[in-house]
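Please look through the model shown here before reading on.

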There are 2 protein chains.
Amino acid sequence: MTIVLERETKLPLYIQVKNRITELIHNGTLKANSKLPATRELAASLGISRNVVISAYQELEAEGLISSSIGRGTFVSRSAYAAKRGRTEHQSSKMSYEGLFSTGWAKYFSEAFTSLENLKQLKSDKDFISFDPELADFFFSDINNFKKSLNAALVSSGSALLSSNSPQGFEPLLEYLSEFLSLRGISCGKENILIVNGTQQGLSIVGRLFIDPGDTILLENLTYPGALTIFRSLQTNCIGVPVNNNGINLNILENVLRRRKAKLLYTIPTFHNPLGSILPAEKRDELLQMCRENQVIIIEDDYAHELSFNGREISPLKARDEGEGVIYMGSFSETLFPGIRLSWIVASTEIIKKLTLIKKSSDLYTNPILQAAVLEYCRKGFLGKLIKKKVLSFKKKSNAMQKAMELYFPQEALWNKPEGGLYQWVDIPSSIDSLALLLNTRERNVIFSPDRFFSVEEWEKSGFRLSFAAANEEQIWEGIRVIGDELKEMIYKR
Amino acid sequence: MTIVLERETKLPLYIQVKNRITELIHNGTLKANSKLPATRELAASLGISRNVVISAYQELEAEGLISSSIGRGTFVSRSAYAAKRGRTEHQSSKMSYEGLFSTGWAKYFSEAFTSLENLKQLKSDKDFISFDPELADFFFSDINNFKKSLNAALVSSGSALLSSNSPQGFEPLLEYLSEFLSLRGISCGKENILIVNGTQQGLSIVGRLFIDPGDTILLENLTYPGALTIFRSLQTNCIGVPVNNNGINLNILENVLRRRKAKLLYTIPTFHNPLGSILPAEKRDELLQMCRENQVIIIEDDYAHELSFNGREISPLKARDEGEGVIYMGSFSETLFPGIRLSWIVASTEIIKKLTLIKKSSDLYTNPILQAAVLEYCRKGFLGKLIKKKVLSFKKKSNAMQKAMELYFPQEALWNKPEGGLYQWVDIPSSIDSLALLLNTRERNVIFSPDRFFSVEEWEKSGFRLSFAAANEEQIWEGIRVIGDELKEMIYKR
């Protein structure tokens, strides 16, 4: 035990001795239960009075760092750490997480979500008229048939559903989906499908397979904010490619691809979110070819495939892709109900194998009980009937929204008529801030989603998204009237 | 249009003209629908015969790149890309994913999983005796009461369960858990809990909040392979701290912490996986103090809290932690059934808020239907009864395993008697490779998990994990006999 004392300092000698021994205990030189020198001995070796050492020992004992036992001597306490505990509790006993968060979190994540969270907060009150689809229309959600399917699944597949399952998905559902997808023109076996907890998880898993920080990712500007959040949290450069009622702008995409190497393109070619538009068939082949030649992987989000108002078949990119360049995502969230948390990814066998490993690492596997219930629900034909009812309702409500907008919106507002899906986009003069509009209509209990929630980068135009999914017709008329009022107020009365 | 021809090359002139025009189309200089010069004009400007140009144009037309229209002239086809498509299909029409995978995937992920996947493959046959808990014991899985709970939840909470839910979890379940956790000595409100799809997702989300590539993460060596996979896929330096029947080695941990800055410690203090050991109470406080002082976040995985064979209360680190330094994880997978995919994280309000955002980005929210069903199942007292039955069964089977090992194992094999949980660890001479042992017993249809699946770094000892959860008593006697045989064979007959 080496103790060096400073004669020049004003610190009393006994405090110096105490501090030095404390250090030796804390840095592990003096181990728990090791014996300290006798006071007389230590005093002699340091050339100081024995009383100084006794005082130091008394202080150390009071702090629980050492303990003495008559006739045996003085010892470092059983646990130096246990002893220190008593000491530090009076100071700062709380863990400080400052500086411990990941760069990804600190730089991209919190930022990306702040705005969405604020939007959420606007929507807490029950009396609001919401043009946001998150409060899904469970009017049609067909709970009794779903309950029947759930019970049937538990009876037929029994306890097997309660035990561990394949990370790739409940096998009979994979088989069903491979047949089901052939109706969309996608030919795939069950080895080409991975079940995930919603498209959000699908994107997150695909992102982790391909993305390194700094990679360039292309998204339509505007796009689904959940995708943006994921790609940003993976520390990518997100580049927006303009999209309008005619789908993504291929000339600009081509220019972008000439200038930079991009790894992924995330696109919603059918009933685009938020625009509601459809990428025309002829542009689909060009897009495929362009991405193939530039080695850009396409992630096709076909979330609303079945929700066509006129029964028109829209063949996905995946169905046209002969080169495995498309990673395709579909979902039961929009057709069945959001709470089901079931989507699927279709890709080449090699990619599905890799994605399955990441899925397994993320959460082992998706709950098999609901997979079996959904399969039962589909096989009994309940899903087909539900979709028919939904599409009829959405179409009717979309028509009502068109009429209401014609009546109440100023001529400066422009919009197209969606052919399906959940969304109606409205362009307004770029001098009007759609977030300011939201804050105004919110005062009158009407909410919607302004452009900035969907923009990948600076968006020079102005507009907002309405969904006709959640509100009923009466609410649509009333809500559109309120938005129209406030819009006119902002345009004409400034 | 600039065309430079090389007179020195052997390439026929018309091919040179054709190739050059093809380039101009592909690089975008010649746009779709743009008019090409007349053959006479181009021939004149290049100083070549008109027949050469005509041949070049004919070739280009045959490839679909250009088309001519009598009286109007010759034009680049509507879509150069669509045209090119026909051309490249004969060559390589497949997307090549080579070089597109993320560094994390390529460097850490595939590697980490390979061994586990191989183990899995050993277990495909139904007639095997498995000492692996993944084939969970659904003998007790109480399917009827679960079905009752599911139906009751659908009736009472109705369609609300089918629509979007809070990313943090089904609120009544959060409330229930906060009371339930107080029985473990953990005082928390619902704002301190996040519901996740199993502990694997919990770890994955916590990892993403805190971990940057290159961070140092401490794990017990040996540990739960799922945790290792996640931390490795996040490109961390995983350091193993020895653990034995007395829990993690605090002296070595202290030394490690003195040498390097670590961000997280992942620990399973109760019924350790794979060792089955318990960290003694007095060491728990030391561990807490040591981590607090070094600003190391503790992730406590308390997956088997209720599975104590002697009813002994083991207070988690979280219950002893006054400084919010512990992120606590619990699960319904072991107590209810693995397929339920429901675990929870307990942490400070600030941390839960951040984790909730990552959870939302990962998969929006956990399925509310099963959350409501589990809540119903717990409230009715079914879970408590199920756990009692399970613990009795596990204890009985663990005793049978002890007896079988005493009878059949050579004296070189050493083991302790677990006080709870799912696992029995067996030490064997380090000269024996436990994987080789597995390959031998597998020939006789008996499988278990060898040490290397749990090792963070080189492990100088040798051993394997048995689980008494899945096998019945008869299988245990038979399986242990086979392992004992093969072990003796390997030790004595070399």
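1. Helices and strands are named here as DSSP runs numbered from the N terminus, where a helix is a run of H or I of at least four residues and a strand a run of E of at least two.

2. Residues are numbered from 1 along each chain as its sequence is written, and chains are lettered from A and ligands numbered from 1 in the order in which they are written.

3. How confident is the predictor in chain A? On the scale of pLDDT, which gives the predictor's confidence in each residue from 0 to 100, chain A has a mean of 86, and 89% of its residues reach 70 or more. Within chain A the confidence is lowest in helix α4 (residues 80–89), with a mean of 48, and highest in strand β8 (residues 264–267), with 98. For the complex, the predictor gives an ipTM of 0.73 and a pTM of 0.77.

4. One stretch of chain A calls for caution. Over residues 85–92 of chain A the pLDDT stays under 50, and the model has five contacts for them beyond four places in sequence, a contact being two residues whose C-beta atoms, placed from the backbone, lie within 7 Å. Where pLDDT is low, predicted coordinates should not be read in detail.

5. Chain A is divided into domain 1 (13–89), domain 2 (104–114 + 140–383) and domain 3 (388–492), with bounds that come from an automatic or database domain assignment. The centres of domain 2 and domain 3 of chain A, taken over C-alpha atoms, are separated by 27 Å. To their contact, domain 2 of chain A gives 23 residues and domain 3 of chain A gives 25 residues. On the side of domain 2 of chain A that touches domain 3, the elements that give two or more residues are β5 (216–221), α9 (225–233) and β6 (237–244) of chain A. The residues of that side of domain 2 of chain A divide into 13 nonpolar, eight polar and two charged; here Ala, Val, Leu, Ile, Met, Phe, Trp, Tyr, Cys and Pro count as nonpolar, Asp, Glu, Lys and Arg as charged, and the others, Gly among them, as polar.

6. At what angle do helix α7 (residues 171–182) and helix α14 (residues 368–379) of chain A cross? Their axes cross at roughly 40° and come within 9 Å, where axes are lines fitted to C-alpha atoms, for helices over the stretch in contact, and angles run from 0 to 180 degrees between N-to-C directions. α7(A) and α14(A) are therefore oblique to each other, since angles under 35 degrees count as roughly parallel, over 145 as roughly antiparallel, 65 to 115 as roughly perpendicular and the rest as oblique. The contact is made by A:Pro172, A:Leu173 and A:Tyr176 of α7(A) with A:Gln371, A:Val374, A:Leu375 and A:Cys378 of α14(A), and by class it has six nonpolar, one polar and no charged residues.

7. In chain B, helix α7 (residues 171–182) and helix α14 (residues 368–379) pack at an angle of about 40°, with their axes 9 Å apart, and α7(B) and α14(B) are therefore oblique to each other. The residues that make this contact include B:Tyr176 of α7(B) and B:Gln371 of α14(B).

8. Chain B also has cis peptide bonds to check. The bond from B:Asn221 to B:Leu222 is cis, with omega near 25°, and B:Leu222 is found in the loop between β5 (216–221) and α9 (225–233) of chain B. Another cis peptide bond joins B:Asn273 and B:Pro274, with omega about 15°, and B:Pro274 has its place in the loop between β8 (264–267) and α11 (281–293) of chain B.

Conventions. Predicted model: local features only at pLDDT ≥ 70, side-chain atom pairs only at ≥ 80, totals over all residues.
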